[in-house]
Amino acid sequence: MSPESPDTAMLDALIARIEVTDPTVAQAAREHQDRLTKPRGSLGQLEDVSVRLAALAAVVPAPVPATPAVAVFVGDHGVHAQGVSPWPREVTGQMVANFLAGGAVVNALARQVGATVRVVDVGMSPEAAAVVAAAPGLDRRSVRAGTGDITVEPAMSRAEALAAIAAGAAVAEGLLAEGHDLLVTGDMGIANTTPSAALVAALLGADPAAVTGRGTGIDDATLAHKVDVVSRAVGRATADGVTADDPLGVLAAVGGVEHAATVGYLLAAAAAQVPVVLDGVIACSSALVAARLAPAARAAMFAGHRSVEPGASAALAALDLVPLLDLGMRLGEGSGGVLAVPVIQAAARVLAEVATFDGAGVTDKTAGQE
């Protein structure tokens with residue numbers, strides 16, 4: 001079967017496992033939340049998160065997540081040749097070595113919340129892969145050695161995108177089998193904010209200038225050039241006949257291998273009714289693809305934070321997800337997602353452990369009022 005007509009049986013089967021949440025469970029969770037010993041609505045978003053967790057788990061209250069894990073999907077990008085990042089591609093491999101040694105920001109933050117870190121190569125370039133050729137602990141699931149330059153060719157074939165989705169799903173399923181009950185997205189890949197912006201622009205029909213950010217901190221001239229690169233990438237994909245109603249086609253045309261793996265990771269979490277925390281713009285652009293493929297998958301997604309990358313906010317608005325934290329971060333790696341883990345755990349714990357007015361013998365001044 002040709003790459004243009006790949007076998008989608010794996011993806012179809014994965015999507016078929018994702019169930020729509022029961023609104024009656026969400027209603028029961030909201031009613032229980034309203035009976036807790038506090039003014040109704042006083043915990044703001046925390047209350048909404050607790051209701052969403054219960055609806056996802058189909059039980060009130062939802063179990064309190066206790067064993068988080070973050071998967072850092074790694075890939076390189078042919079569009080790096082367009083000069084959109086000042087960092088050389090070898091840095092991807094150097095950072096992978098840093099992750100494996102436990103010295104990166106995501107490692108420190110994961111230790112803070114007791115999360116496991118899994119580092120997965122799904123598409124490093126030869127230059128990056130050479131840095132960690134003998135590194136123990138790297139989960140090697142490479143689909144291709146970096147993507148194509150999206151200004152002149154597709155990032156990957158549809159078959160390769162499907163293979164990367166399958167790899168990400170397998171990682172999620174492996175972590176769940178190990179007993180992890182809260183997943184977090186992570187990523188690494190020099191120049192990966194460029195395909196992220198292209199994904200958001202292509203899927204939402206947005207102006208590339210409105211969804212393209214500075215990534216690792218480029219100057220104004222490089223930003224203007226990056227916007228032009230994103231515009232050319234989206235224009236090239238459109239000229240090739242790729243449209244927003246074909247999310248797999250958009251992913252293959254202008255995405256990254258780590259984006260595709262993240263899509264699989266998100267879909268597998270949703271299929272298992274396990275919450276998954278989105279990190280920054282790479283995760284948010286991937287979540288757009290996942291939600292287009294399987295709208296019900298959105299129920300499992302929780303926005304860990306608001307990245308300063310404008311594409312992240314555009315994606316979250318389209319997904320109708322409210323970020324739990326807003327700290328001006330733009331690192332990636334899974335850092336912002338990991339920071340939100342205690343907030344999600346706290347939301348579940350409040351619904352599970354706080355006494356009700358009746359149970360505690362506390363007067364509810366709203367009782368009997370509409």
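User: In this predicted model, at roughly what angle do the axes of helix H7 (residues 158-177) and helix H12 (residues 257-271) cross?

Analyst: Look at the two axes. They come within 6 Å of each other. The crossing angle of H7 and H12 is roughly 45°.

User: Which word describes how H7 and H12 lie to each other, parallel or oblique?

Analyst: Angles under 35 degrees count as roughly parallel, and 65 to 115 as roughly perpendicular. The axes of H7 and H12 cross at roughly 45°. H7 and H12 are therefore oblique.

User: Is the crossing of H7 and H12 left-handed or right-handed?

Analyst: Take H7 as it passes H12. The crossing is right-handed.

User: How many residues of the contact of H7 with H12 are nonpolar?

Analyst: On the H7 side, the contact includes Ala 161, Ile 165 and Leu 176. On the H12 side, Val 257, Tyr 265 and Ala 268 are among them. Two residues of this contact are polar and one is charged. The nonpolar ones number 14.

User: Which strands stand at the edges of the sheet?

Analyst: Six strands form an open sheet with parallel pairing, in the order S3-S2-S1-S4-S5-S6. An edge strand here has a single partner strand, so one side is left without a neighbour in the sheet. The edge strands are S3 and S6 (301-303).

User: In S2, what is the bridge partner of Phe 73?

Analyst: Strand S1 (residues 68-75) runs parallel to strand S2 (residues 116-123). Seven bridges join S1 to S2. The partner of Phe 73 in S2 is Val 120.

User: In S3, what is the bridge partner of Asp 121?

Analyst: S2 also pairs with strand S3 (residues 139-140), in the parallel sense, over two bridges. In S3, Asp 121 has as its partner Arg 140.

User: Which helix makes a β-α-β unit with S2 and S3?

Analyst: The unit is right-handed. Its helix covers residues 126-131. That helix is H6.

User: At about what angle does H7 run to S1?

Analyst: H7 lies across S1, S2, S3 and strand S4 (182-188). Its angle to S1 is about 160°.

User: Which helix packs on the sheet, touching S1, S4, S5 and S6?

Analyst: The direction of this helix makes about 165° with that of S4. It covers residues 341-353. The helix is H16.

Terms used:
Residues are numbered from 1 along each chain as its sequence is written. This is a predicted model: local features need pLDDT of at least 70, side-chain atom pairs count only at pLDDT 80 or more; totals for chains, interfaces and linings use all residues. Side-chain values use heavy atoms; hydrogens and water are left out. Two strands pair if DSSP finds at least two bridges between them. Helices (H or I, at least four residues) and strands (E, at least two) are DSSP runs, numbered from the N terminus. A crossover is right-handed if, with the strands pointing away from the viewer, the path from the first strand over the helix to the second runs clockwise. Axes are lines fitted to C-alpha atoms, for helices over the stretch in contact, and angles run from 0 to 180 degrees between N-to-C directions. Angles under 35 degrees count as roughly parallel, over 145 as roughly antiparallel, 65 to 115 as roughly perpendicular and the rest as oblique. A crossing is left-handed if the near helix is turned anticlockwise from the far one by less than a right angle, and right-handed if clockwise. Contact means heavy atoms within 4.5 Å. Ala, Val, Leu, Ile, Met, Phe, Trp, Tyr, Cys and Pro count as nonpolar, Asp, Glu, Lys and Arg as charged, and the others, Gly among them, as polar.
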